[in-house]
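I opened this entry to note what I looked up and what came back. The entries follow the order in which I checked things.

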Amino acid sequence: MYLSLWSGKPYPLGATWDGKGTNFALFSEHATKVELCLFDKQGRETRLPLTEMSNFVWHGYIPSVGPGQRYGFRVYGPYEPQWGHRFNPNKLLIDPYAKAIEGDVQFGEATFGYSWSDPGRDLSFSHEDDAALIPKAVVIDELFDWEEDALLQTPRHETIIYELHVKGFTQQHPDIPPALRGTYAGLAHPAAISHLQSLGITAVELMPVHHFLAYPGHLVERGLRNYWGYDSIGYLAPYSGYSSSGVQGQQVVEFKQMVKALHQAGIEVIIDVVYNHTGEGNHLGPTLSLRGIDNASYYRLVEGDARYYMDFTGCGNSLNVRNPQVLKLIMDSLRYWVLEMHVDGFRFDLASALARELYAVDRLSAFFDIIHQDPVLADVKLIAEPWDVGEGGYQVGEFPLLWSEWNGKYRDTVRDFWRGEDSRLAEFAYRFTGSSDLYQSNGRNPSASINFVTAHDGFTLRDLVSYNDKHNEANGEDNHDGESHNRSWNCGEEGESQDPAVLTLRQRQQRNFLVTLLLSQGVPMILSGDEMGRSQQGNNNAYCQDNEVSWLNWQLNNEDHELLDFTRQLIALRRLHPVFRRRKWFQGRAIHGSGVHDIAWFNPDGGEMTEHQWNDGFAKAIAILLNGLEIAEPGERGERIMDDSFLLFFNAHYEMLEFTIPEGLQPRHWQVIVDTRHPRLIENGLWYTSDKPIPVLDRSIVVLKQIG
């Protein structure tokens, strides 16, 4: 087959169809030769040397090539692992700028750049060709009718995030057609969207949708696969395995249709991105893309021994964010997902790794500087997982302006409080009010705190109250994987129980966590399925469980239905009352000399908290006044915000306590609207005044609203 190859252009990188032909461009600073490899429908390969190279970008244009064309690259250069170079033209390489990738990498010895049989392992050179095992990139037509769709830009303080897995959320949904379950189209189905809307969710946070390595060797050997997807190999390509169509490139269209449908329902789309490492692993990993294109440019290598990789992620490698081309890849990817795919924001996995200029985490690193000046990213939601596994990597509270953070200190404090661990009430107060100790000093607002009790990594909410220990035997790692210190409490019996007292307490504890989360200042994030009692049977690291362990079970019993209704009512309460989702910090001071505060803290007996009680680790109960009449910040149009006032009684003690309404709040009447003894919010609840003590059951919350 004869193909005319023109010189083409070095920009944009990747494969770009212009309606008449396709331009191909690939960066490699240390390569000596690059071949573009085109594959026909029968899998036959045609190799075309890219003879043009501009600024280390190898490029060419083919007039006759268009959408649907499958391709890859072969890159020549030195194979000198000890110097950081791992070029091997026997390995077909995935374009890092591919916008569609046709399928999964198939595990096999040929995908490794070295020979397994050689005693020197990765210092040896493999002559096996792996084209049959490597998925091909696909040229796509980027045209799509978005109609009037645009980013929703839901105010951060009004945001309620729901973390979900694209496949797991719909894989067992009975009202979604079987052919659509577990796909982008399944998430766009009215039945899926209806559930999110009925909850009151404003944003879904999708676990990785970048094309990833689904079948790494260590999992294949155990009969498992990478379910979570935190091993990216294509930063511009939506994962093809979540497409309901077998048509090449259709996953791009299907993803856009999903975003469009969610936007029409008023739901933002935030995607979990993994720019800290790739699925190629350490020096013994396969050669799939960046390693074979230019290993020394793309990865952080050990200084003085470039055979090995710096690993701040625990996944074998770390991207070299100090290299301008790596920064360009990340920024091009982010802009593409905003401009072409219309996503509303990003959650950055192990974000501290991206901030490492040398070894230390640097808040003023080039990565942050570039993000902050970029006009496309200025208005999207940027969320950091503010830690990595390297020294000094725990950086909660240390990220700069524009960033929100997964607040790991919120999770730990709230878990400790409700399991009865000795801890300071002052710590709980900081977390409940938005963590001003972490975010206020550098100019951020309460929405900088993404509050969560559970996430994909760890126990589900039901398991948090059902297990003291992890039970990860199904992962095939002898239960050594996953976090061992979970701050969980099984309420008296490990795992499944038939004891009515244990089950009642577990239900109440789940409601306690949800009330605390949804009435805290900051941005609440709910783990998918927690609203209806999802369990992973004690597995706190279900990264390889692509089965019923991880998938949502939509067959709900009475208790599951009650928890779902309770969660819906709680979210509605939060969305109705601005006092629970303030834009600015509480002042905690007297207003106009009245002696009334916008927030106040009391003992169960109605007296104000003393300094000793704030720091007494044995104290397990506190009352909080949220004064809706004294919200200092105006609304978006400058209007004064007025709301009801609320009293919240928290009792984490193992015995019932009586709370007294503080005298200074009279003459006022207060009505119970939430009592976590009950599976629903309360209509026409009891009225109380300061002369009548309020019983609060052990390990429970009572919320009262001012009515006069």
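Which residues are linked with Glu 45 and Arg 47 in a network of salt bridges? I found Lys 33, Glu 35, Arg 74 and Asp 129 linked with Glu 45 and Arg 47 in that network. I counted a salt bridge where a side-chain nitrogen of Lys or Arg is within 4 Å of a carboxyl oxygen of Asp or Glu.

Before going on, I noted that this is a predicted model, in which local features need pLDDT of at least 70 and side-chain atom pairs count only at pLDDT 80 or more, while totals for chains, interfaces and linings use all residues. Residues are numbered from 1 along each chain as its sequence is written, and side-chain values use heavy atoms, with hydrogens and water left out.

**Salt bridges**

I searched the whole structure and got 40 salt bridges. Side chains of opposite charge can pair when their charged atoms come close.

I looked at Glu 45 and Arg 47, whose side chains meet at 3.2 Å, N to O. Glu 45 is partly exposed at 29% relative accessible area, and Arg 47 is partly exposed at 38%. For these words I used relative accessible area: buried is under 20%, exposed is over 50%, and partly exposed is in between (1.4 Å probe, protein chains only).

I then took Asp 272 and Arg 347, which form a salt bridge of 2.9 Å, N to O. This pair links distant parts of the chain, with Asp 272 in strand β15 (residues 268-273) and Arg 347 in strand β16, 75 residues apart. Both Asp 272 and Arg 347 are buried. Helices (H or I, at least four residues) and strands (E, at least two) are DSSP runs, numbered from the N terminus.

Arg 431 is buried, at 2% relative accessibility.

**Strands**

I traced an open sheet of 4 strands in the order β4-β3-β7-β10, with antiparallel pairing. Its edge strands, β4 (45-49) and β10 (137-138), each pair on one side only. I took two strands as paired if DSSP finds at least two bridges between them. Between β3 (residues 33-39) and β4 there are 5 bridges in the antiparallel sense. Cys 37 stands opposite Arg 47 in β4.

Next I looked at β17 (residues 381-384). Lys 381 and Ile 383 point one way from this strand, Leu 382 and Ala 384 point the other way, and all are buried. Strand β16 (residues 345-348) pairs with β17 in the parallel sense over 4 bridges, and Phe 348 has Ala 384 as its bridge partner in β17. Strand β18 (residues 403-406) runs parallel to β17 and is joined to it by 3 bridges. The partner of Leu 382 in β18 is Trp 403.

**Core and contacts**

How many residues has the largest nonpolar core? I got 169, and those with the most contacts inside the core are Leu 206, Phe 255, Phe 346 and Phe 348. A nonpolar core here is a set of buried Ala, Val, Leu, Ile, Met, Phe, Trp, Tyr and Cys residues joined through side-chain atoms within 4.5 Å.

I listed what Phe 255 touches, not counting residues up to four places away in sequence; Tyr 184, Leu 206 and Trp 337 are among them. Contact means heavy atoms within 4.5 Å. Thr 170, in helix α1 (residues 166-170), is buried at 0% relative accessibility.

**Cysteines**

I looked for disulfides, meaning pairs of cysteine sulfur atoms within 2.5 Å, and the count came to 0. Cys 315 is in no disulfide, and the nearest cysteine sulfur, that of Cys 544, is 14 Å away. Cys 315 is partly exposed at 33%, whereas Cys 544 is buried at 2%.

**Backbone**

Most residues other than glycine have a negative phi, and most peptide bonds are trans. I noted Asn 479, which is not a glycine but has a positive phi of about 65°, and Arg 487, with a positive phi of about 55°. The peptide bond from Tyr 11 to Pro 12 is cis, with omega near 0°.
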